[in-house]
Amino acid sequence: MTMTDPAVGSAAPGSADAARTRTEDLLARHRAVTPRWQSLYYEQPIALSHGEGRHVWDVEGTRYLDFFGGILTTMTAHALPEVTAAVQEQAGKILHSSTLYLNEQTVELAEHIAELSGIPDARVFLTPSGTEANDAALLMATAYRRSNQVLAMRNSYHGRSFSTIGVTSHRSWSPTSFSGLQTTYVHGGYRLRSPFRDLPDGEYTAACVADLRQLLDMTGGDFACLIAEPIQGVGGFATPPDGFFGAMKEVCDAHGILFVSDEVQTGWGRTGDHFWGYQAHGIVPDMLTFAKGVANGLPLGGVVARAEVVDAIAGNHISTFGGSPLVSAGANANLRYLLEHDLQGNARVMGERLRATLAPVVADTPWIAELRGRGLMLALETVHPGGIDPDPARAAALTEACKDRHLLIGKGGLYGNVLRVAPPLSLTAEEADEGAQLLVDAIRSLG
Ligand SMILES: Cc1ncc(COP(=O)(O)O)c(C=O)c1O
């Protein structure tokens, strides 16, 4: 389980003290130059040195099984040879050209994403992040509809910029109410804490839809778009019933309101059953945004929509870094690998495997309210036994207990009380079993 790689140790090989000093040193330097609000995981943060497959090593040489992939971004595998080779080859040719020049890698990538998106007459605008993808989507939607009013979901997260925190209702990530957008948050993504949570699936959806309908009646319904994550990522993999967004979109369609599916976490087959999260809802969105795993950690995001929507932006629009030749080459290789190896199918099978081990333990643990999510996007929500009062201290203790067992998992949720399990999609059966057992041991260690 634990392996030490002396090659990546400290200045004095084999000396644990010297190695510790290296991480502590880095931490002190980090704290001296980074903003207070840029937080790190763990009481003793980890400095990563390198990765391979589903494992990463810290600078002391300790190996961890990676069940978070740098926030669901190492999508295929760490150090995937196909991606490394493509990036190396492109780096030897040209790193950068900007959107002012044609580039084969970039055009090929856009063609492929347009085809995969399922959106008719699709145009693709590439960006360096998910935040910028959503920012561009909001710009397009508001221009197309000539309205700055936006609908978003309660418990949403769409990025860190001024516009995207304006559609983020997750309070820890939305530090200001100043915004050029007028946003109204609607019900539905986060069922556990919804006033409608006790209703069965169909009635739950109907209650949320009725609320939306009334909201549109009362306000006049002049909204540009409804932006939604099919499964809320930062919000703790909160998952509405299948078909939920289909029912919401029907109401939006009647008002001409665009539906924007933020697939930054749910895209590319991570949910196992579907390539895109929106497919669980029987719809094709008007717009789709993506980022994170598409280039396996290289900075890439984008927005896809029908030409008439994308082209609603008057004037010029460029992105210096969006879809650079280097990043596009990596993304092309990454997507090829993903599709050729049916990693979506693997996500479904491995997700079920993880769930089979975790579900009985969760059912037996009074301080875990539920196991939710789909495919390789699973979450546990910690609560005080006997109700659903959030217990973030227990979630923090569980992430530390996993780390002690050399398993990296993520945290999230409105109250910081959700554990997120999201390994690379190439996870093997052996690794799934090992990781699930480590997580079970960690849960049991906390009583
Ligand atoms: C659903 C969703 N949208 C947008 C973003 C923003 O992406 P980025 O961090 O690449 O700007 C994130 C990041 O976590 C996300 O989870």
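User: Which residues form one aromatic cluster?

Analyst: Tyr204, Phe244, Phe245 and Phe259 do. The model is predicted, so local features need pLDDT of at least 70, side-chain atom pairs count only at pLDDT 80 or more, and totals for chains, interfaces and linings use all residues. Residues are numbered from 1 along each chain as its sequence is written, and side-chain values use heavy atoms, with hydrogens and water left out.

User: What describes a pair of aromatic rings?

Analyst: The distance of the centres and the angle of the planes describe such a pair. Rings of Phe, Tyr and Trp (its six-membered ring) pair if their centres lie within 6.5 Å; planes under 30 degrees apart are stacked, over 60 edge-to-face, and the rest tilted. This rule gives 10 aromatic pairs here. In one of them, Tyr204 and Phe244 are tilted, at 6.3 Å centre to centre with 40 degrees between the planes.

User: Where in the chain do Tyr204 and Phe244 lie?

Analyst: Tyr204 is in helix α7 (residues 201-219) and Phe244 in helix α8 (residues 244-255), 40 residues apart. Helices (H or I, at least four residues) and strands (E, at least two) are DSSP runs, numbered from the N terminus.

User: Are Tyr204 and Phe244 buried or exposed?

Analyst: Both are buried. Buried means under 20% relative accessible area, exposed over 50%, and partly exposed in between (1.4 Å probe, protein chains only).

User: How many degrees lie between the planes of Phe245 and Phe259?

Analyst: The angle is 45 degrees, a tilted pair, with 5.6 Å centre to centre. Phe245 lies in helix α8 and Phe259 in strand β8 (residues 258-262), so this pair ties together parts 14 residues apart in sequence. Phe245 is buried at 1% relative accessibility, and Phe259 is buried with a relative accessible area of 2%.
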